[in-house]
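Thank you all for coming. I would like to walk through one model this morning, going from strand pairing to individual side chains.

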Amino acid sequence: MTKWLAALFALCLLAPLAYARHHRLAQPLSVRADNIQVNERTGMSFYEGHVRIVQDGLTIHADHVRVHSLHGHVLSIHARGAPLHMEDQKTGGLPLFGTALTLDFAAVPDEVTLIGHVVFRQGVNVLHGHIVHYYVRSQRITALRGLHKRVRARVVPHSQPPQARNGH
């Protein structure tokens, strides 16, 4: 029951990201760091020290980031931090805040994976897990437990049922 509740909460929390992320991939990527190394031939770029990546409402703060791109399109992002921080302002609702030790994004299959002490917050709702996979196109999420800790979620219901808010 707890896994089902956590998955349901996470799906409700992150579902609006699917639409936003497809449009983000075509938006410019702005990066600030203490050190930047770019290899245009291989499409690999490395950013180190107080890295801040911004793309269309999504912000990532990390210690180390590796970006693989092809013809200017991001194929994958790998970020590490102690912890790293993620903020998404374009969720269709309240902003989403997340922390983890590692973030991996793969454009194909459009998947975000957060690893290590993962915490998602949106308003008063919170999800904790060791590994969280979010499949953007299918709007599906999987939260996995750590060695000694289970997945946890805190879901606070809205003040009115969905029918009452929508006028039904």
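Let me begin with a question: which residue in E6 does Ser76 stand opposite? In this predicted model, the residue opposite Ser76 is Ala106 in E6. That position belongs to the pairing of strand E5, residues 73-88, with strand E6, residues 96-106, which run antiparallel and are joined by ten bridges. For the terms, two strands count as paired if DSSP finds at least two bridges between them, and helices (H or I, at least four residues) and strands (E, at least two) are DSSP runs numbered from the N terminus.

Before I go further, a word on conventions. Residues are numbered from 1 along each chain as its sequence is written, and side-chain values use heavy atoms, with hydrogens and water left out. Because this is a predicted model, local features need a pLDDT of at least 70 and side-chain atom pairs count only at pLDDT 80 or more, whereas totals for chains, interfaces and linings use all residues.

Now the chain as a whole. The protein chain has three helices and ten strands, and along the sequence they follow the pattern α-α-β-β-β-β-β-β-β-β-β-β-α. Of its 168 residues, 38% count as buried, where buried means under 20% relative accessible area, exposed means over 50%, and partly exposed is in between, with a 1.4 Å probe and protein chains only.

As for confidence, the chain averages a pLDDT of 77, and 74% of the residues score at least 70; pLDDT is the predictor's confidence in each residue, from 0 to 100. Among the elements, helix H1, residues 2-14, has the lowest mean pLDDT, 43, while strand E2, residues 35-39, has the highest, 95. Over residues 1-21 the pLDDT is below 50, and this stretch has 42 contacts in the model beyond near neighbours in sequence, a contact being heavy atoms within 4.5 Å.

Let us return to the strands. E6 also pairs with strand E7, residues 111-122, in the antiparallel sense over nine bridges, and within that pairing Leu103 stands opposite Leu114 in E7. The two strands form a hairpin with four residues between them, and Asp110 in the turn has a positive phi of about 65°.

Leu103 and Leu114 come up again in the largest nonpolar core, which has 28 residues, and they are among those that touch the most other members, together with Ile60, Val65, Ala79, Met86 and Phe120. A nonpolar core here is a set of buried Ala, Val, Leu, Ile, Met, Phe, Trp, Tyr and Cys residues joined through side-chain atoms within 4.5 Å. The elements giving two or more residues to this core are E3 (44-55), E4 (58-70), E5, E6, E7, E8 (125-135) and E9 (140-144). If we look at Val65, and set aside residues up to four places away in sequence, its contacts include Phe46, Ile53, Ile77 and Ala79.

Glu111 counts as buried because its relative accessibility is 15%.

Ile115, also in E7, is partly exposed, with a relative accessible area of 29%. Leaving aside neighbours within four places in sequence, Ile115 is in contact with residues including Leu101, Thr102 and Ile131.

Asn125, in strand E8, counts as buried at 16% relative accessibility, and a polar atom of its side chain lies 2.7 Å from the backbone nitrogen of Val156.

Finally, some backbone geometry to check. Most residues other than glycine have a negative phi, and most peptide bonds are trans. Here the peptide bond from Ala82 to Pro83 is cis, with omega near -5°, and Pro83 has its place in strand E5. His50 in strand E3 has a positive phi near 50° and counts as exposed at 66% relative accessibility. His117 in strand E7 has a positive phi of about 50° and counts as exposed at 58%.

Definitions and conventions: Polar contact = N/O pair within 3.5 Å; in protein donor to acceptor, adjacent residues only side chain to side chain.
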